[in-house]
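Q: I am new to this structure and would like to learn how to read it step by step. Could we begin with the overall form and then turn to one helix?

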Amino acid sequence: MNEYDSARMACLLEEMGYGPAATQLDADVILLNTCSVRELAEHKVYSALGALRKLKLRKPKTIIGVCGCVAQQEGKRMLRRVPHLNFVLGTAALDRLPEMIMDARQGLRRAETAFKQPLLQDRRIIVPEKPGLQAHITVMTGCDNFCSYCVVPYVRGREKSRSAAEIVAEAEILAGRGTREIMLLGQNVDSYRDPDQGFGFARLLEKVAAVDSVWRVRFMTSHPKDMSPELVEAVAGVPEVMEQVHLPVQSGNDEILSAMNRGYTRAAYLAKVEALRKAVPEVSLGSDLIVGFPGEREEAFRETLGIVREVGYDMLFCFMYSDRPLTKARNMDGKIDDETKARRLQELLDLYREIAASRNKALVGSTQEVLVEGPAKKGAGMVSGRARGGQAVNFPGGPELAGSLVRVKINKGRTNSLVGRQVSAAEGDES
């Protein structure tokens with residue numbers, strides 16, 4: 001979502017006559033687009049601002065702005081704390097970036113963090129001239145779930161859905177400029193409701209999948225309590241919708257899930273996974289997990305390891321719990337020490353790598369449809385792309401394959417990627 005916002009801001013800057021600078025020292029405007037989901041990310045913002053102080057002394061006219069979630073959270077406090085900062089721009093006001101820059105040129109220091117901005121459906125569609133093979137589209141912003149550890153509702157606001165007509169129009173522009181894979185984004189896409197006709201996310205998926213020249217559609221993030229049978233049917237039945245679902249579980253223990261205010265139990269989550277795998281046997285599943293949540297006993301952590309083994313995730317994002325401003329968990333008793341959290345995180349990561357390697361090795365001998373992105377990062381004469389399930393696939397090939405759909409027979413499975421060779425349609429069918 002931050003990448004999408006950054007691309008949008010880059011377009012606004014280009015409309016003002018700005019272009020990318022080679023280095024910070026060459027820049028006339030420096031923007032930090034920020035995240036506050038975890039404490040470490042917030043610390044990095046202030047560290048980066050501290051490093052920019054010398055540059056500002058050397059080039060006083062350089063405009064420095066902080067945007068995004070930390071900006072929304074800190075507001076005017078950030079201007080007081082960082083004297084060389086020109087402006088603070090919150091998540092609901094990113095379209096006011098040109099105005100903020102013009103004011104900064106006049107010597108005004110401002111913080112704009114009000115949520116009372118134009119409705120999402122009233123925003124102008126802004127798309128880069130060269131968006132690339134893959135692109136993001138935000139379908140909704142904010143969240144109404146108020147998980148006890150999460151700052152998102154406070155820095156992104158309440159849920160607001162964009163109109164399907166506007167989303168489809170943006171997809172059509174992207175496709176016309178060469179995009180072939182679109183990722184639909186939302187804090188909880190399962191809560192999407194078209195403000196005009198009231199239909200849900202599954203129908204939106206179908207509409208975007210029907211756009212000419214869009215070959216692939218992905219989405220994130222789903223919420224286990226809200227994932228609908230209609231969404232499962234769309235993943236199973238719409239060819240352009242990829243067989244990849246990110247379904248954050250956060251914990252495998254019911255007591256912790258309740259304290260997190262997640263709205264489902266371990267059994268309910270596993271039932272959703274079972275229904276999804278029954279309808280889409282080849283589905284690739286991803287998840288998020290937090291270790292060291294307040295009150296997490298060792299037995300509760302073992303249950304989390306157990307659900308990871310039982311589900312067998314293809315992709316897992318694991319984090320140590322950290323207190324976030326405004327959240328209920330910040331004031332909970334039973335805080336876990338850093339040493340214990342670090343040990344649990346490492347144990348969880350070790351288990352995930354073992355499972356991921358096993359699942360990738362199980363794909364050896366299969367033929368995967370791959371959208372080629374370009375040269376592989378490692379290996380001369382190799383190209384890289386993504387299978388329908390989101391797995392990275394490397395295989396011998398030239399740069400002319402970039403942007404094409406090819407069939408690749410897998411001959412090696414690694415922890416984070418697959419390796420294979422390109423085959424013809426007939427050869428792939430035989431396998």
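Predicted model: local features only at pLDDT ≥ 70, side-chain atom pairs only at ≥ 80, totals over all residues.

Q: How many helices and strands does the protein have, and what share of its residues is buried?

A: There are 14 helices and 17 strands. A residue counts as buried when its relative accessible area is under 20%, and such residues make up 52% of the 431 in the protein.

Q: What part of the contacts joins residues 24 or more positions apart?

A: Among contacts with a separation of 6 or more, residues 24 or more positions apart account for 70% in the protein.

Q: Which residues of helix H5 are buried, and where do they lie around the axis?

A: In H5, which spans residues 97-105, the buried residues are Leu97, Met100, Ile101, Asp103 and Ala104. They cover an arc of only 160° around the axis, which puts them on the same side of H5.

Q: What covers these buried residues of H5, and which residue with a positive phi follows the helix?

A: The cover includes helix H1 (2-15), together with strand S1 (29-34), strand S2 (63-68), strand S3 (87-89) and strand S4 (110-112). After H5 comes Gly107, whose phi is positive, near 90°.

Note on methods
Residues numbered from 1 in each chain as written. Heavy atoms only, no water. Helix = DSSP H or I, 4+ residues; strand = E, 2+ residues; numbered from the N terminus. Buried < 20%, exposed > 50% of the residue type's maximum accessible area, 1.4 Å probe, protein only. Contact = heavy atoms within 4.5 Å. Arc of directions from axis to C-beta.
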